[in-house]
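Open the model in your viewer and keep the sequence panel beside it.

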Amino acid sequence: MNELMAARSLTTRPVVTLGGDAVAQVKDTVCDAAAARITGFTLTGRGLLSGPLKEGLPWSAVYALGHDAVMIRGRRCLVTAAAMTAHRTHLRGRLLGARVLTEEGAEIGTVLDVVVEGGTGGRIVGFRVAASRRFVPGPTRHRRRVYVPRGEALTVTGRALVLPEGAVRHVAEDLPGFTALVGGVPGPRPGSLP
Amino acid sequence: MLFTEVRGLPVLPPDGAGALGTVTSLAVDAVSWTVSHVRWRGSRFGGETALPWEAVRTVGPGAVRVRSAAATEPAPAPHDLLGRRILTDTGTGRGTVLDVAFDTRTARLLALFTTRGELPADRLLGLGDYALVVRAG
């Protein structure tokens, strides 16, 4: 498994061709209706005042999703954004803020962020959740943020994600802990030698 | 020879007259990975001129001797290799370029010295306006 990264950290990540040219930067992540994998990205221009682009980047054109850039083969890989986002779920619009429940109906919390796998897979591995007080007990003013693995049997009903009971037995406090929990590769630390 | 050693060398014309100017940088062809142009500047406020590698007779020691300085053309896109950001093809940063070694006879790049160690020249993939892309190894 490749490095895990939070989907909101992908925003402003440059889109670079293998020839070394930056063609755009990521605006938002688009995923499929079952919240299983990334289907593409919407883009903005690279300049300070450049607005959103009409082109989008489908996942099939992504060469690799990396720690510092989204690599693509060439500028021609971009497609019309409207064709790509039809019937798909914008991360910001649909998934963020969705409620997370178990099959028994116990409330776990609301989605703050989506954890995706880098590299070429584009799988959605888990969610960063603002946990409800019943799920993670603690003092009232304690910030309860946990990483919940997605598991295999997740169903999306409206604006709620329903997880099986066993999926929330193990949760992690932070992204390195979550990486260890689901068996990912830790990302490069700044300044570390290869 | 290293790029930083060539930078600042005087450009000498073939007839033995005084120096035309000093070398500011070397331009690299991103397909064959050879030095394609020598960019030099006549005076501190003068514009840069790009001299194709075929017009260069010898590089070093102590000077760049040219066949004819007249064969100049508009400078290619100024993708300077020194100080450039490096990305692997998996999208991970790999530091910046500190120095480049090249063969003064064939103009081929031999190795790159980066802030994260040495890179052989056969791992280079592309050079653009954002970064130098290398194969992850």
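Helices (H or I, at least four residues) and strands (E, at least two) are DSSP runs, numbered from the N terminus. This is a predicted model, in which local features need pLDDT of at least 70 and side-chain atom pairs count only at pLDDT 80 or more, while totals for chains, interfaces and linings use all residues. Residues are numbered from 1 along each chain as its sequence is written, chains are lettered from A and ligands numbered from 1 in the order in which they are written, and side-chain values use heavy atoms, with hydrogens and water left out.

**Stop one: the cavity**

A cavity is a set of points, on a 1 Å grid over the protein atoms alone, where a 1.4 Å probe fits but cannot get out; lining residues have an atom within 4 Å of a point. Grid points are joined across faces, edges and corners, and a volume is the space filled by probe spheres set on the points. The count is one cavity of 30 Å³ or more. The volume of the largest cavity is about 40 Å³.

Select B:Phe3, B:Val6, B:Arg7, B:Val23, B:Thr24, B:Ser25, B:Leu26, B:Asp80 and B:Leu82 to show its lining. In chain B, α1 (3-6) and β2 (21-29) are the elements that give two or more residues to this lining. β2(B) supplies the largest share, four residues.

**Stop two: B:Val134**

Next select B:Val134, in strand β12 (residues 132-134) of chain B. Now show its contacts (heavy atoms within 4.5 Å). Leaving aside residues up to four places away in sequence, B:Val134 touches residues including B:Ile86, B:Leu87, B:Arg94, B:Leu119 and B:Leu125. Finally, pick B:Gly95: B:Val134 is 39 residues from B:Gly95 in sequence and 11 Å from it in space, C-alpha to C-alpha.

Terms used
On a 1 Å grid over the protein atoms alone, a cavity is a set of points where a 1.4 Å probe fits but cannot get out, and a pocket is an open set with protein on both sides within 12 Å along at least five of seven lines; lining residues have an atom within 4 Å of a point.
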